[in-house]
Amino acid sequence: MSDGEEATNHLLDGTLHESQASVQAAEGGLQSESARLPVTIGATVPTGFEQTAADEVREKLGSACRISKDRGKIYFDISVESLAQVHSLRSVDNLFVVVQEFKDYQFKSTKEEVLKDFEDLAGKLSWSDPLKVWEMNSSFKKKKTKRKKINQNSNKGKTDNGQGDKKDERDVKKELTGSASETQILDYYENPAIREEISTLVGDDLASCKDEADERSKEEADASVLRFRVTCNRAGEKHCFTSNEAARDFGGAVQEHFKWKADMTSFDVEVLLNIHDNEVLVGIALTEESLHRRNITHFGPTTLRSTLAYGMLRLCAPQPTDIIIDPMCGTGAIPIEGATEWSNCFHIAGDNNALAVNRAANNIASLLTKSQIKEGPSWGLPIDTVQWDICSLPLRTGSVDIIVTDMPFGKRRYLEWDMYGERYIQSG
């Protein structure tokens with residue numbers, strides 16, 4: 001190789017490396033730009049615990065939080081890179097990204113005009129950034145548990161020569177049409193009537209195979225099209241339309257705008273239309289299943305939500321080394337939530353019902369198993385279960401710092417008190 005050719009090759013290699021580096025830098029820049037994208041997140045929380053959830057957001061995300069007039073909702077601004085932390089919040093049930101919020105929406109006087117405005121609204125909204133957030137969120141969100149359906153009548157094949165080999169009808173048709181062409185089959189029959197009958201049968205088989213192929217290609221094409229539904233949550237007495245009517249007309253406009261396919265059950269995107277008096281908010285759901293479904297696998301008659309359990313415990317402000325008991329623990333929702341979030345305290349789950357204590361123990365074991373699968377061997381959780389009579393607790397006076405319980409009678413109530421701080425809270 002001459003010196004000139006060698007120099008040319010070096011120059012080409014250098015140019016190639018520079019172009020690859022520039023492409024990687026451009027891709028990294030796009031990714032970092034998307035990560036810094038500011039978005040507004042909405043969250044549904046247990047009614048009455050809005051302030052508790054807002055405090056958790058400020059503490060863990062460092063974001064200012066706004067409590068909605070519509071009870072049970074909070075809003076806060078984050079960058080997309082904090083999305084994983086949002087899914088780790090303990091006090092929120094469901095999450096959604098805000099597309100646009102109208103704090104004083106002017107409704108027209110007639111139903112037809114209002115619904116027409118909803119149709120026009122879909123095309124005026126800025127969907128691009130919220131949809132980017134929805135795409136990035138797919139790696140964080142908890143998938144909804146779906147049970148596999150077993151088809152009891154799937155045995156449609158025929159036994160071949162008594163060997164038990166079963167063939168699908170499609171395979172039989174393919175063999176019929178593939179092994180011999182239509183003209184070859186007709187050569188066996190000289191009778192014109194038989195020829196016509198056989199020709200009709202083979203033609204029907206060919207048409208059927210073609211229809212099935214078209215159907216399969218249509219299903220593959222449909223798989224590339226996003227499926228969606230619109231859910232309308234409405235509160236207020238001055239509206240001249242129903243939630244279903246608003247969801248129907250707004251959903252039709254969304255379908256026309258994006259060319260998505262409407263599906264009320266197996267949807268990819270859930271568009272939210274929240275209406276509270278004169279406030280209207282459009283959002284895209286970021287959770288398929290409520291985040292409160294995280295600890296309990298063995299349920300009782302009135303199992304408490306994990307988000308409620310967290311809110312109750314947070315109100316007690318546990319301190320390191322505190323002894324916290326739930327004397328009527330049921331399935332153990334409160335102590336288990338406490339052991340996962342306040343691991344520097346010790347939690348005791350007690351009940352007078354042997355079945356309840358067994359459920360609580362099973363829930364603790366399930367949580368330990370999931371923790372070991374996810375994080376490897378651990379030292380366990382600072383929690384224990386015991387069967388006792390609440391009228392005669394086997395505890396010394398002054399040995400407990402906090403008692404938190406969901407009393408299992410009457411209306412759904414909870415009782416909390418800090419025995420040192422003499423704090424007593426009761427709510428129904």
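The model is predicted, and local features need pLDDT of at least 70, side-chain atom pairs count only at pLDDT 80 or more, and totals for chains, interfaces and linings use all residues. Residues are numbered from 1 along each chain as its sequence is written, and side-chain values use heavy atoms, with hydrogens and water left out.

Helices (H or I, at least four residues) and strands (E, at least two) are DSSP runs, numbered from the N terminus. Two strands pair if DSSP finds at least two bridges between them. Eight strands form an open sheet with mixed pairing. Their order is β2-β3-β1-β4-β8-β7-β5-β6. The edges are held by β2 (65-67) and β6 (261-262). Each has a single partner strand, so one side of each lacks a neighbour in the sheet. Strand β5 (residues 227-235) runs parallel to β6, and two bridges join them. Arg-227 has Lys-261 of β6 as its bridge partner. Helix α9 packs on the sheet and touches β5, β6, β7 and β8. The direction of α9 makes about 145° with that of β5. Axes are lines fitted to C-alpha atoms, for helices over the stretch in contact, and angles run from 0 to 180 degrees between N-to-C directions.

Helix α9 (residues 243-258) also packs against helix α4 (residues 111-124). The angle is about 30°, and the axes lie 8 Å apart. The crossing of α4 past α9 is right-handed; that is, the near helix is turned clockwise from the far one by less than a right angle. Contact means heavy atoms within 4.5 Å. On the α4 side, the contact residues include Leu-115, Phe-118 and Leu-121. On the α9 side, they include Phe-250, Ala-253 and Val-254. By class, the contact has eight nonpolar, two polar and five charged residues. Here Ala, Val, Leu, Ile, Met, Phe, Trp, Tyr, Cys and Pro count as nonpolar, Asp, Glu, Lys and Arg as charged, and the others, Gly among them, as polar.

A cavity is a set of points where a 1.4 Å probe fits but cannot get out. A pocket is an open set with protein on both sides within 12 Å along at least five of seven lines, and lining residues have an atom within 4 Å of a point. Grid points are joined across faces, edges and corners, and a volume is the space filled by probe spheres set on the points.

The whole structure holds two cavities of 30 Å³ or more. Strands β3 (73-79), β7 (269-276) and β8 (279-285) each supply at least two lining residues. That lining has four nonpolar, three polar and four charged residues. The second largest cavity has a volume of about 40 Å³. Among its lining residues are Leu-313, Asp-326 and Val-404. Strand β9 gives the largest share, three residues. The class count is seven nonpolar, one polar and one charged.

The largest pocket contains about 1,100 Å³ of space. It is lined by 30 residues. Arg-90, Arg-294, Asn-295, Leu-367 and Lys-374 lie nearest its centre. Helices α11 and α12 (354-375) each supply at least two lining residues. The largest share, seven residues, comes from α12. The pocket lining divides into eleven nonpolar, ten polar and nine charged residues.

Key: On a 1 Å grid over the protein atoms alone, a cavity is a set of points where a 1.4 Å probe fits but cannot get out, and a pocket is an open set with protein on both sides within 12 Å along at least five of seven lines; lining residues have an atom within 4 Å of a point.
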